[in-house]
Amino acid sequence: MPKIGRNAPCPCNSGKKFKRCCGFTMQSSTSAPSAEAFRLMQMQMARHDATEHRRRLMQGLGRPIISVEHLGYRLVAVSSELHWSQNWRTFHDFLFVYIRRVFTPDWGNAELKKGLAERHPLLQWYQKLCEFQKLHTVQRNGIYTGEMTGSIKLYLEMAYDLYLCAHNAKLVPLLVKRLKNPQTFEGALYETFVLGSFVKAGFGIEMEEEDDSTRAHCEFVATHRETGRKFSVEAKAVTSESKRAGITSEPPRIREKIYKALAKDLAHERIICVELNRAQTFSAENVPDWVPLVDADVVDAEKTLTISNAP
C-alpha cells in the first residue's frame, strides 16, 4: 500500500485529514496499515470511549472501581490495598463489609450490646437493614434484591463515600474518630458526603494534616483537574437538634456557618457547603421552600458580615 500523505483524506472515511485523525508517527515503517486496520482501530477507540462514558455516568469522574474475579474470589482495590472475599456477588456486598472494617468489629460489637435507643446512629441504621433483609428481600439468581429504604440508603451511601475517600485520597483517622462519636457524627457524616461529591465531580483531593495545631485547617483541598484551580473546602452542618432543623417554621440561617468558614486563614479560594438538615416543601416552580430564605441570608451577610473588621 502506498504511503498516505499527511494532508490526504484519512482512509477510515472520517472526512478528516490523515494527520488530524489516524495519522500516527511511524518512524520504523515506510507504509501505512490497511484501511481495514484503521477502521478496526476507530471501532476499538469508540468502544473504549463508550465504556468510559458509561462508567462516568455510574461512578463519576474519580478513580474507577478496580475489581477482578478469579478462582471463586472477588478482589477489590482500595487505593493500594486489596480486599477480597469468596462471598461478594455485587459491589454492595463489598461495601457492607468495608464499612465494618473501617469502624472495626470490636467497636460495632460493643455498640450492639447496648439497647437500640442508646446505640450509635450507624448501628441503628444497621438494625433496620437487618430487619429489612429478613422480611423484604427476594433471592434471584443467588442475589438478594429489595426496594431501597431511607436507612439502607444512608448506610450504603456512607460506606461508598468512605470508600471514595480512601480510594482517591486518604481516610484520615481523625475523620473516623469523629464519625464514631455520636456528638460529632452528623458533622463528620456531612463532611464525608461532601468529600465523596467532590471526588465524583473529578477533583483531586488533598486531606489536611489536622494534627498540626499551628494553623487553621479546612476539611480538604480540592484541585480541579482541568484548570488546576485549588479550593479550600469547608463543610458545615446544622444539627438535627437545632430548632431550625427537621419540620419547622423557623427560617433557615447560614450566616453563622459562613462566618466560621470565612474566619479561618486558609490558602485558597473557599467553597462552603452547608447541610440545612430540614424537611422541605416545594413551590409551584418545584423550588424548595428554603431557597428564597437562604438567598436573603446570603445577601444580608454580604452586606453586613465582617471578618477581622473587614468586609
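Is Phe-91 buried, partly exposed or exposed, and what is its relative accessibility? Phe-91 counts as partly exposed at 23% relative accessibility, where buried means under 20% relative accessible area, exposed over 50% and partly exposed in between, using a 1.4 Å probe and protein chains only. Before you explore the views, please note that this is a predicted model, in which local features need pLDDT of at least 70 and side-chain atom pairs count only at pLDDT 80 or more, while totals for chains, interfaces and linings use all residues. Residues are numbered from 1 along each chain as its sequence is written, and side-chain values use heavy atoms, with hydrogens and water left out.

**View 1. Phe-91 and Tyr-160 form an edge-to-face ring pair.** A pair of aromatic rings is described by the distance of the centres and the angle of the planes. Here the ring centres of Phe-91 and Tyr-160 lie 6.3 Å apart with the planes at 90°, so the pair is edge-to-face. The rule behind this is that rings of Phe, Tyr and Trp (its six-membered ring) pair if their centres lie within 6.5 Å; planes under 30 degrees apart count as stacked, over 60 as edge-to-face and the rest as tilted. The pair links distant parts of the chain, with Phe-91 in helix H2 (residues 91–103) and Tyr-160 in helix H5 (residues 150–168), 69 residues apart. Helices (H or I, at least four residues) and strands (E, at least two) are DSSP runs, numbered from the N terminus. Tyr-160 is buried at a relative accessible area of 17%. Ring pairs join Trp-88, Phe-91, Phe-94, Tyr-98, Tyr-160 and Tyr-163 into a cluster, and the model's count comes to 15 aromatic pairs.

**View 2. Gln-59 in helix H1 (residues 35–59).** The side chain of Gln-59 reaches the backbone nitrogen of Ile-65 at 2.9 Å. Such a polar contact is a pair of N or O atoms within 3.5 Å; within protein, one must be able to donate a hydrogen and the other to accept it, and residues adjacent in sequence count only if both atoms are side-chain atoms. Leaving aside residues up to four places away in sequence, Gln-59 touches Pro-64, Ile-65, Tyr-160 and Lys-200, with contact meaning heavy atoms within 4.5 Å. Gln-59 is buried, its relative accessible area being 18%.

**View 3. The open sheet of four strands, in the order S6-S7-S8-S9.** The pairing is mixed, and two strands pair if DSSP finds at least two bridges between them. Strand S6 (203–207) and strand S9 (269–275) stand at the edges with a single partner strand each, so one side of each is left without a neighbour in the sheet. From one strand to the next, the twist averages 30°. Helix H7 (residues 185–200) packs on the sheet and touches S6, S7, S8 and S9, its direction making about 145° with that of S8. Helix H8 (residues 255–262) lies across S8 and S9 and runs at about 145° to S9. For these angles, axes are lines fitted to C-alpha atoms, for helices over the stretch in contact, and angles run from 0 to 180 degrees between N-to-C directions.

**View 4. Strand S7 and its bridge partners.** S6 and S7 run antiparallel and are joined by five bridges; in this pairing, Ile-205 has Ala-222 in S7 as its bridge partner. Strand S7 (residues 220–224) also pairs with strand S8 (residues 230–237) in the antiparallel sense, over four bridges. Thr-223 has Lys-230 in S8 as its bridge partner, and Val-221 stands opposite Ser-232 in S8. S7 and S8 form a hairpin with five residues between them, and Gly-228 in the turn has a positive phi of about 80°. Four of the five residues of S7 are buried, so the strand is largely enclosed by the rest of the structure.

**View 5. Helix H3 (residues 105–112) packs with helix H4 (residues 121–136).** Their axes are 10 Å apart at an angle of about 75°. That makes H3 roughly perpendicular to H4, a label for angles of 65 to 115 degrees; under 35 counts as roughly parallel, over 145 as roughly antiparallel and the rest as oblique. Trp-107, Gly-108, Glu-111 and Leu-112 in H3 meet Leu-122, Leu-123 and Tyr-126 in H4.
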